[in-house]
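Reader: I would like to learn how to read a model of this kind. Please take it feature by feature.

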Amino acid sequence: MAFTPLKETYPGKVYSVTIGMGNKAVTFGGENVLPFHAFEGIVPNKPVVAYEIQDMPPADWPENVRKPYEGVSDDPVTWAKYCQDVLKARAIALRLISTHPDRENRSPEDAAKTVSDVLSAIDIPLIILGSNHAEKDASVLVAAAGAAKDRNCIIGKAQEANYKTIAAAAIANNHKLIAMSELDINLSKQLNILVTQMGFDKERLITDPMCSALGYGLEYTYSVMERIKLAALAQNDATMQQPMLGDIGMYVWKVKETQASETDLPQWGSVEERGITWEAVTATSLLLAGAALLIMWHPKAIEAVEKVIEELI
Amino acid sequence: MALTGVEIFKLLPKTNCKKCGFPTCLAFAMKLAQRQTSLDLCPDVSEEAKQKLGEASAPPVRPITFGIGDKALKMGEETVLFRHDKRFVNPCVFALEIKDTLSDDEIKNKIEEVLTSEIERVGQKLRVDAIALMNDSNDVGRFENAAKIIATGAPDVPVIICTDNPQAADAVIKLFTDKKPILYGADSTNAEAMAEIAKKYKSILGVKASVSGGGLDELSALTEKIKSLGVEDMVIDSGARKAKDILRDNTLIRRAAIKKNFKPLGYPVITFAQRDESLFETLIAVIGVAKYSSIIILSSIEKWKNLAIFTLRQNIYTDPQVPMQVEQKIYKIGEPNPESPLLVTTNFSLTYFIVSGEVENSRVPSYLAVMDCEGLSVLTAWAAGKFTASKISQFIKESGVEHDIKHRELIIPGYVAILSGSIEDKLEGWKVTVGPREANGIPAFLRSRTA
Ligand code: B12
Ligand code: SF4
């Protein structure tokens, strides 16, 4: 029996999204096949990994992921430049975590200032994230979007509770937008529809189906991503054809496996390598499920993931 | 192609005698098409039909058991391409490579690593499952020597004998007689000799396309040839070593098997993931776990690496329809007495194991009331209306825990602090205390209460 490879071609295609300006702009998405299936279709862009930085010192990060940023993470501008110049980041994700009412409750004006300071120091693309407090984000991200006007950033995350104001700010200032829902393909689709019904261009949207870490619900994110991807390709569903985000770092670095010491749990091995591996494995799994943009924390995990992307592409 | 119910029906006696336990031959045929019953149940089916149906109703990826006894490993039997369609069936096997160029002591150390690799996670015992002995020396004597150390040092661990030299294979496989090893290394140059040995020792045969790139074409021809030589149990290697090629070949193999019932590739896949750098090797293994490898060969098995890949395998292979759950009941941790604290949580396995682990760490004997929330985590169950004040109150009342304890204090998870008032309203005479949000705060919390 001769073997004829069963190639799958699909009617649908993922939109490609470009962020940033000039020769430092990056593009992701654009494929018309499942992740890394270049043998049966086109995969024009490789996934992008953005380094996460925050607008206040990451005192609550586990030591092993704080260490690589020692001396630079006290100030978001220095931190951003370090990622760009020394770590050769292709993109940066600035999380305005200090604006959270339970943290420093900093004002939208403060946030806007941080955004302009960071933007004036870097020329790679910037992703601007709120503190994930739906109400506060609505005001913070509006101010931040204004401060970044015309720099072609990504603003996020718009959720069901606040998408109207945030999407409007992204339109007004020419940004891309992350729409996030909670691990449910139907909710994700519904939010994309709501956002586009406001006049937001469906080709400027990025879907965040919500991340979960290895061992803590990863399989849910994995399968929701695979299902979204299949809906985009096989069903040619335009409300599911947005490239997907995996917001890896913040989910991974809070689980026990990335923190517990080897003295307490000798059977788990070195905590430093364990943490890095936990992040890299979570990231690689979600790439295989269909994520096109990742936000990560540890430089060594990012380096390994970029290397595996090179080999997969 | 798998047969449809109607096609199967045509091959049955059509007497509707009901001896199979189904009301009609058609009903039986429909169940057969869904692989939910076995042809053996019909006593009157003709030999000819049996043969046709046997071929068509065999699972698309051949089921093979590797090794024997407690540590035997089931492989194959997969029925889907995506885990959301249906549970992936047999978790991939992790094997550590041991090269025969190592010194005896180095080999012993590696064996020890395999034997001590077991970790418990969410109630399951996970370990590096097998050893792959590599004939890197190209020397029969050295190969035999290494094999002896393994056969005595790890007599129960399933072994993959890797060599393309039939002489070396023959010398070593004797040491694993009746242990159902895999003999890996049949290719287009040695297929006859290797098939002979595999048959003689009833081993599984590992079949490989040349690394220079005969690919799936060459592989299909080889497995057909070997099958005609009388070997049925095979594992297959397309020769892919780069990430991209592994993903492509594994996908094409699984698709051919599932979607076209293409028998020459309907075998478990073996993937060689070895790399110089351990973290990078881990990520190559990730591709194998997620995308259809049945055996993954690793060059090193550090504890941190094992924990990560075991966990990923567990995640990918869980049933997407039913979250892993534990039984609803009052669990005793340590040896609690009537004054010991009582905590409540949901019956999602992950939640239960994390929380009970931390309560154990605290060394404060306690009662843990685990409530059936259909396997949802605390917040998910709360958001879904399954972990509510009235349901918790009812559960506590009906659990009978009031006979075990004297006090009337219930500790609830920090994430559902909001429920404390309404539980107190519903559970008369009880006081509700809000515990920490994350379980890793439990030891300090419990200890500070007894201090
Ligand atoms: C995986 C997941 C799911 C899975 C379900 C998995 C499962 N078996 O439960 C699915 C996809 C089905 C799901 C569905 C929903 N989900 Co959900 N889900 C998650 C996710 C990503 C992880 C949950 C998890 O596994 N946690 C791990 C376990 C171990 O955590 P845990 O049980 O809470 O236990 C910890 C603590 O509570 C504590 N603890 C536990 N017990 C006890 C006891 C005591 C005494 C103490 C002191 C401590 C303690 O220790 C544990 C470790 O620290 C979380 C977000 C996140 N990252 O946490 C959202 C999350 C829980 N989901 C959420 C929601 C809203 C939903 C849905 C209602 C929405 C939807 N998408 O439809 C549905 C409801 C389900 C339904 N209707 O059937 C929200 C809840 C919002 C809120 N604050 O109430 C969350 C928080 C997402 C978010 N907003 O960020 N979800
Ligand atoms: S036992 Fe065989 S002949 Fe009788 S009803 Fe069942 S399938 Fe038909």
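This is a predicted model: local features need pLDDT of at least 70, side-chain atom pairs count only at pLDDT 80 or more; totals for chains, interfaces and linings use all residues.

Reader: What span should helix H5 of chain B have?

Author: Helices (H or I, at least four residues) and strands (E, at least two) are DSSP runs, numbered from the N terminus. The expected span is 1.5 Å times one less than the number of residues. H5(B) has 14 residues, 140-153, so it should span 20 Å, and its end C-alpha atoms are 20 Å apart, which agrees.

Reader: Which residues of H5(B) are buried, and what do they pack against?

Author: Buried means under 20% relative accessible area, exposed over 50%, and partly exposed in between (1.4 Å probe, protein chains only). In H5(B), the buried residues are Phe143(B), Ala146(B), Ala147(B), Ile149(B), Ile150(B) and Ala151(B). Contact means heavy atoms within 4.5 Å. The buried residues of H5(B) pack against strands S3, S6 and S7 and helices H4 and H6 of chain B.

Reader: How many residues meet between chain B and chain A, and how much area do the two chains bury?

Author: Buried area is the accessible area (1.4 Å probe) that two parts lose on being put together, summed over both. Here 49 residues of chain B are in contact with 51 residues of chain A. The two chains bury about 4,500 Å² between them, 67% of it on carbon and sulfur atoms. Arg255(B), Leu283(B) and Trp304(B) supply 14% of the area that chain B buries against chain A, more than any other three residues.

Reader: How many salt bridges cross the interface?

Author: A salt bridge is a side-chain nitrogen of Lys or Arg within 4 Å of a carboxyl oxygen of Asp or Glu. The rule finds eight across the interface of chain B and chain A. Arg255(B) forms one with Glu40(A), where the closest N and O atoms are 2.8 Å apart.

Reader: Is Ser300(B) buried or exposed, and what does its side chain contact?

Author: Ser300(B) sits in the loop between strand S12 and helix H11 of chain B. Its relative accessible area is 17%, so Ser300(B) is buried. A polar contact is a pair of N or O atoms within 3.5 Å; within protein, one must be able to donate a hydrogen and the other to accept it, and residues adjacent in sequence count only if both atoms are side-chain atoms. The side chain of Ser300(B) makes such a contact with that of Ser278(B), at 3.3 Å.

Reader: Where is Thr258(A)?

Author: Thr258(A) is in the loop between helices H8 and H9 of chain A. Its relative accessibility is 1%, so Thr258(A) counts as buried. The side chain of Thr258(A) reaches the backbone oxygen of Val252(A) at 3.2 Å.

Reader: Which peptide bond is cis, and what is the phi of Asn16(B)?

Author: Most residues other than glycine have a negative phi, and most peptide bonds are trans. A cis peptide bond joins Gly156(A) and Lys157(A), with omega about 5°. Asn16(B) has a positive phi of about 50° although it is not a glycine.

Conventions. Residues are numbered from 1 along each chain as its sequence is written. Chains are lettered from A and ligands numbered from 1 in the order in which they are written. Side-chain values use heavy atoms; hydrogens and water are left out.
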